[in-house]
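This briefing goes through one protein chain, topic by topic. Please keep the sequence and the structure in view while reading.

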Amino acid sequence: IGIPEFHVNLTDYPEWTELIGSKSDEHPAILRMDGNGMYDDLPEQEVVFRGRGNSTWNMKKKPYRFKMNKKTAVCGMKKAKSFALIANYIDCSLMRNTVALWLANYLEMPFANHCVPVKVYFNGICKGQYMLTEKTGIGSGSVDIDEEKGMIADPDLTEIAPALGLTADEYFNTWKNDFSAMLTAVMTTPSKGSLKEYIDLESVVNFFMVNYSAASHEF
């Protein structure tokens, strides 16, 4: 039994051997997945295919992203439209991201991605091993929060603050003051007891364990 195989064929540029141009350029494509006995196959279907990543986009082995027409459970993950294919180009072991995310899930850290090793074929060319994972966003298969309360990455304080009887600036300052108090407490090396007034020690320990296990990860 092998790992799942993703076969992606661009509709507009079937002759390309790799994605060219900007990572945000979207291309119509036909995708199918052979589960190879590990997961249910995905039948041939139309998707939107594009690049992803920041520094990793400029590496020889490109990271990808695809969007399906409807929410689908892929490789045992919760139903979603969009998924990412991480190249793991700077990780010779091809395991660092996987180990880090497994540890995060084992520690029951919220919003930790899941991952499945897969093989990717682009326009018929084998691109090697990738890591399939969820695309981070609001949804039951990712960051499961109330969308009307704003995204964590970019909250609209002008909508949130009035419900608390504050202006956007006043609400932002409450965050700023809390962070400054925590930073001062850490920099002045207080006792363990006083640190607990400003930070959740267990979550901090978990954070460092996961990030150090990943070292220079690709996320």
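Leu183 is partly exposed, with a relative accessibility of 42%. This residue sits in helix α3, which covers residues 168-187. Together with Phe179, Val186 and Met187, Leu183 makes a nonpolar surface patch of about 410 Å². The model is a predicted one, and the points below take up the rest of the chain by topic.

**Overall layout**

- The chain contains five helices and seven strands.
- Read from the N terminus, the order of elements is β-β-β-β-β-α-β-β-α-α-α-α.
- Of the 219 residues in the chain, 37% are buried.
- Among contacts with a separation of 6 or more, 54% are between residues 24 or more positions apart.

**Largest nonpolar core**

- In soluble globular proteins, nonpolar side chains tend to be buried together.
- Here the largest nonpolar core has 28 residues, and Phe6, Phe49, Phe66, Val74 and Leu132 are those with the most contacts inside it.
- Two or more residues of this core come from each of the elements β1 (5-10), β2 (27-34), β3 (42-51), β4 (64-72), β5 (80-86), β6 (115-122) and β7 (125-134).
- Strand β6 gives the largest share of this core, with four residues.

**Second core and helix α5**

- A second, separate core has six residues, including Ala100, Leu103, Ala112 and Ala214.
- Ala214 belongs to helix α5, which covers residues 201-214.
- With a relative accessibility of 2%, Ala214 is buried, because the cut-off for buried is under 20%.
- Apart from neighbours within four places in sequence, the contacts of Ala214 are Arg96 and Ala100.
- The C-alpha atoms of Ala214 and Met95 are 9.0 Å apart, while the two residues are 119 residues apart along the chain.

**Salt bridges**

- The count of salt bridges is two.
- One of them joins the side chains of Glu18 and Lys127, at 3.4 Å from N to O.
- Glu18 is in the loop between β1 and β2 and Lys127 is in strand β7, so this pair ties together parts that are 109 residues apart in sequence.
- Glu18 has a relative accessible area of 13% and is therefore buried.
- Another salt bridge is formed by Asp34 and Arg32, with 2.8 Å between the closest N and O atoms.
- Asp34 has a relative accessible area of 25%, which makes this residue partly exposed.
- Arg32, the partner of Asp34, is also partly exposed, at 30%.

- Asn36 has a positive phi, near 50°, and is a residue other than glycine.
- The position of Asn36 is in the loop between β2 and β3.
- Asn36 is partly exposed, with a relative accessible area of 28%.
- Asn88, which is not a glycine, has a positive phi of about 55°.
- The loop between β5 and α1 (96-106) holds Asn88.
- Is Asn88 buried or exposed? With 2% relative accessibility, Asn88 is buried.

**Cysteines**

- How many disulfides does the structure hold? The number is zero.
- Cys92 is exposed, and its relative accessible area is 83%.
- Cys115 is buried, and its relative accessible area is 19%.
- The cut-offs matter for reading these two values: buried means under 20% and exposed means over 50%, so Cys115, at 19%, falls under the buried limit.

Conventions:
Residues are numbered from 1 along each chain as its sequence is written. This is a predicted model: local features need pLDDT of at least 70, side-chain atom pairs count only at pLDDT 80 or more; totals for chains, interfaces and linings use all residues. Side-chain values use heavy atoms; hydrogens and water are left out. A nonpolar core is a set of buried Ala, Val, Leu, Ile, Met, Phe, Trp, Tyr and Cys residues joined through side-chain atoms within 4.5 Å. Buried means under 20% relative accessible area, exposed over 50%, partly exposed in between (1.4 Å probe, protein chains only). A salt bridge is a side-chain nitrogen of Lys or Arg within 4 Å of a carboxyl oxygen of Asp or Glu. Patches are made of residues with over 30% relative accessible area and no salt bridge: like charges are joined within 9 Å, nonpolar side chains (Val, Leu, Ile, Met, Phe, Trp, Tyr) within 5 Å. Accessible areas come from the Shrake-Rupley method with a 1.4 Å probe; for residues, only the protein chains shown count as cover. A disulfide is a pair of cysteine sulfur atoms within 2.5 Å. Contact means heavy atoms within 4.5 Å.
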